[in-house]
Amino acid sequence: MTHRLSKTFGKSRVTTEQREKLVRSIFNRVAGRYDLMNDLMSMGIHRVWKHRFCKEINKASGKVFVDLAGGTGDIASTMINDHREVTIIDPSIEMMRIAETRLGNSCRYLAATAEDIPLPDNSVDVLTISFGIRNATDISKSLQEISRVLKPGGHFYCLEFSTPYAWLRPFYNTWSRIVIPRLGALVAGHPDAYTYLIESIREFPAQQEMAEMITSAGLNEVSYSNLSFGIACIHRASKTQ
Ligand SMILES: C[S@@+](CC[C@H](N)C(=O)[O-])C[C@H]1O[C@@H](n2cnc3c(N)ncnc32)[C@H](O)[C@@H]1O
């Protein structure tokens, strides 16, 4: 099943090929300001979410860790230790360039999309994706790829924006529609990038729908935890032994 996000870019209807190119060009353009923008847009809360996410993933055992859509390396930086092989995968060379200046050769970098992961079947112990799956043009295919590369017994963790509780939505909608594109224009110089961000969040599957998509991709023990009243959400799942 192709998700409705696959043929939209912001408010425009586009082909999947156009969407892939547009998303890639956005991250290449905003890479230098990406971390600062995250702090401003979320008022620093994304750091609390990522801290919680990393605390959970770092409890998982295994040697081969992959951070998909790893961007500037926030998540991978917490995974690196002497006993692990950590790989960042991202289609944006500019985002990974920033990761490389932070993390050097303590991890591997692969330029690829979630829809086509350049790794063998059953080869990964822990696969994470943080604020990345929303950018995939084909979410179902990406989840199938994640399921394919995980070893039996391997774990998947996904941190993503989600659907906030009803009482929070009026404030959240105002913040996202009015404040974020203006911040994007002012700080990153790319209001279109941040309009895309808001639209992609609005169209992204809600908590339960996402859990069902993960199950349909063949993963088990799917569960999720809301963060900040559902503004973000951690989904987790594992591959059967
Ligand atoms: C919002 S950033 C998240 C970066 C990092 N994971 C974090 O949490 O800060 C989204 C990342 O997804 C990447 N991306 C875009 N399309 C993708 C795709 N089809 N597959 C995998 N990653 C993609 C972008 O290049 C970008 O680095």
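A polar contact is a pair of N or O atoms within 3.5 Å; within protein, one must be able to donate a hydrogen and the other to accept it, and residues adjacent in sequence count only if both atoms are side-chain atoms. Keep that in mind as we look at the ligand.

The model is predicted, so local features need pLDDT of at least 70 and side-chain atom pairs pLDDT 80 or more, while totals for chains, interfaces and linings use all residues. Residues are numbered from 1 along each chain as its sequence is written, and side-chain values use heavy atoms, without hydrogens and water.

**Around the ligand**

| Residue | Its atom | Ligand atom | Distance |
|---|---|---|---|
| Alanine 69 | polar backbone atom | nitrogen | 2.7 Å |
| Alanine 114 | backbone N or O atom | nitrogen | 2.8 Å |
| Serine 130 | polar side-chain atom | oxygen | 2.6 Å |

Taken alone, the ligand exposes 600 Å², and the protein buries 97% of that (Shrake-Rupley method, 1.4 Å probe).

**The cavity**

The ligand takes up the space of the largest cavity, meaning that more than half of its atoms lie within 2 Å of the cavity's grid points. A cavity is a set of points, on a 1 Å grid over the protein atoms alone, where a 1.4 Å probe fits but cannot get out; lining residues have an atom within 4 Å of a point. The lining has 31 residues, and Ala69, Asp90, Pro91, Gly132 and Asn135 lie nearest the centre.

Notes. 1 Å grid on protein atoms, 1.4 Å probe; cavity = no way out; pocket = protein on both sides within 12 Å on 5 of 7 lines; lining within 4 Å.
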